[in-house]
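Here is a short briefing for a first look. Keep the sequence and the 3D view open while reading.

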Amino acid sequence: MNNGTWRNWAGTESCRPEAIVKAESVEQISEIVADATRRGVTVRPVGSGHSFAPLVPTDGIVLDLSAVSGIESLNHSSAQATVRAGTKIADLGEPLWDEGLCLRNQGAIDAQTIAGAISTSTHGSGLGLKLLSGEVVGAKVVTSSGEVEMIGFNDPRLPALRASMGMLGVIVSLDIQLEPKFKLRETLEFRPLTEVLERWDELTHNHRHFSFVHGQQYDMSASLPPLPETSKPTLVRIFDEVDPDTDYDGSPAHRTDRPYRIYPDQYTPPWEEVEPFVPYNTALDAIQSCLHVLERFPDTFPLEVRTAAGDDAWLSPTGGDAAVSLNTVRTWGNDNRAFFRAMEEALDPFPGRPHWGKQPYLRTADFYRSVYPFWDDFIQLRRQMDPSGTFLNAPLRRLFD
Ligand SMILES: Cc1cc2nc3c(=O)[nH]c(=O)nc-3n(C[C@H](O)[C@H](O)[C@H](O)COP(=O)(O)OP(=O)(O)OC[C@H]3O[C@@H](n4cnc5c(N)ncnc54)[C@H](O)[C@@H]3O)c2cc1C
């Protein structure tokens, strides 16, 4: 137990809770949650604290799940694994590879816990690949009474749990759909933006992963090809699947390696970030709208554009269909609200559904209700599973009570 201050990775969110408790077992989690519910105290689960949104801060208990980690079991015939909630994505790659298996996709870092990542709908790139939460086939959850419940594949609550930001209970383990191991061949190239947009459908459909970053180059650790002579280069990132026996190649910007070594990059805080998703078929117009906003705010870092398949999560930012995410980053410390508001206004017509972990300022319940058809169903289920509101902090209570 620690009575100090909790801060997120970026240092942009903090709180001084009653206690920060590092959970070590399911029994201990049940006792803590049941006791908090009896006392009317809030419990907010936390993974690696890599969200930019005010999801964790509370004056109650911050429940750190990072020690509840490791692969609990593997089923080779279904290519599924039961993974403890606090397992870092970085700690899954090698043990799964040794068993002939891989996560189907990952984001740009691997420091997140598996439960934290799925709870905010974390994603990588790839039109044929769902958000990480879409690969969840079951979960074990401690509810606000302290009871342990299994939520299986056919349980009607599973689509609600997929992106629930810790509001339906403390996830203690997740059953994850994997796939047989494969390798990735990376292509990092600077190309003219006009070419990328003209070939958009071909590029997004013909590669397992396609994304691009447009603007001044930012602080990432990948080895890049020489920068072209333009103030706004466009870096294309393609990862194609190849046979797992393909030889390792460490050539900068053209590596061939195991996927868990290709996906993650390294970034340095602090910054604030927003990432709305728009329907795939509106992407080219939405990208132009973002670029107009970036012209008005030239000190913004580059625009990163990725694709994702639709999924059935009630609060999925994909809205259930193929989608495109538009990520922008501002250095922390400036007055960023004007920029974030301009992005919201530019993307509302499409509509833009924000990534749950990347909203420094949450929007209104009316807005969310207008873009999530299952918004009220989620609130109804949340009230059933947590009638005392144990898992609501102040910003979430404003939206979900
Ligand atoms: C440098 C950087 C790069 C990033 N890159 C990407 C990217 O490429 N793609 C992308 O989609 N996102 C990305 N993100 C966002 C990040 O993936 C999400 O914010 C993710 O939720 C972080 O995981 P975490 O373990 O830190 O979760 P936390 O931030 O600790 O928690 C996130 C949410 O999950 C809940 N939660 C955590 N553990 C549990 C549990 N056991 N049970 C129930 N609820 C729980 C918390 O209450 C909270 O609501 C990035 C963030 C950073 C800082």
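Does His292 count as buried or exposed? His292 counts as exposed, because it has 10 C-beta neighbours inside 10 Å, and the cut-off for exposed is 12 or fewer. The model is predicted.

- His292 sits in helix 8, which covers residues 283-296.
- Along the chain, His292 and Ala342 are 50 residues apart. Their C-alpha atoms are separated by 9.9 Å.

**The nonpolar core**
- The largest nonpolar core holds 86 residues.
- Helix 8 gives the most to this core, with 6 residues.
- Leu63, Leu174, Val278, Ala286 and Val324 have the most contacts inside the core.
- Leaving aside residues up to four places away in sequence, Val278 touches Ala283, Ala286, Ala323, Val324, Leu326, Leu347, Phe350 and Gly352.
- In soluble globular proteins, nonpolar side chains tend to be buried together.

- An open sheet is built from 5 strands, and its order is 6-7-11-9-10. The pairing is antiparallel.
- Strand 6 (71-75) and strand 10 (148-151) stand at the edges. Each has a single partner strand, so one side of each lacks a neighbour in the sheet.
- On average, neighbouring strands of this sheet are turned by 15° against each other, direction ignored.
- Strand 6 pairs with strand 7 (residues 80-84) in the antiparallel sense, over 4 bridges.
- Ser73 has Thr82, in strand 7, as its bridge partner.

Note on methods
Residues numbered from 1 in each chain as written. Predicted model: local features only at pLDDT ≥ 70, side-chain atom pairs only at ≥ 80, totals over all residues. Helix = DSSP H or I, 4+ residues; strand = E, 2+ residues; numbered from the N terminus. Buried ≥ 20, exposed ≤ 12 C-beta atoms within 10 Å, placed from the backbone. Pairing = 2+ DSSP bridges. Axes fitted to C-alpha atoms, helices over the stretch in contact; angles between N-to-C directions. Core = buried A, V, L, I, M, F, W, Y, C linked by C-beta atoms within 7 Å. Contact = placed C-beta atoms within 7 Å.
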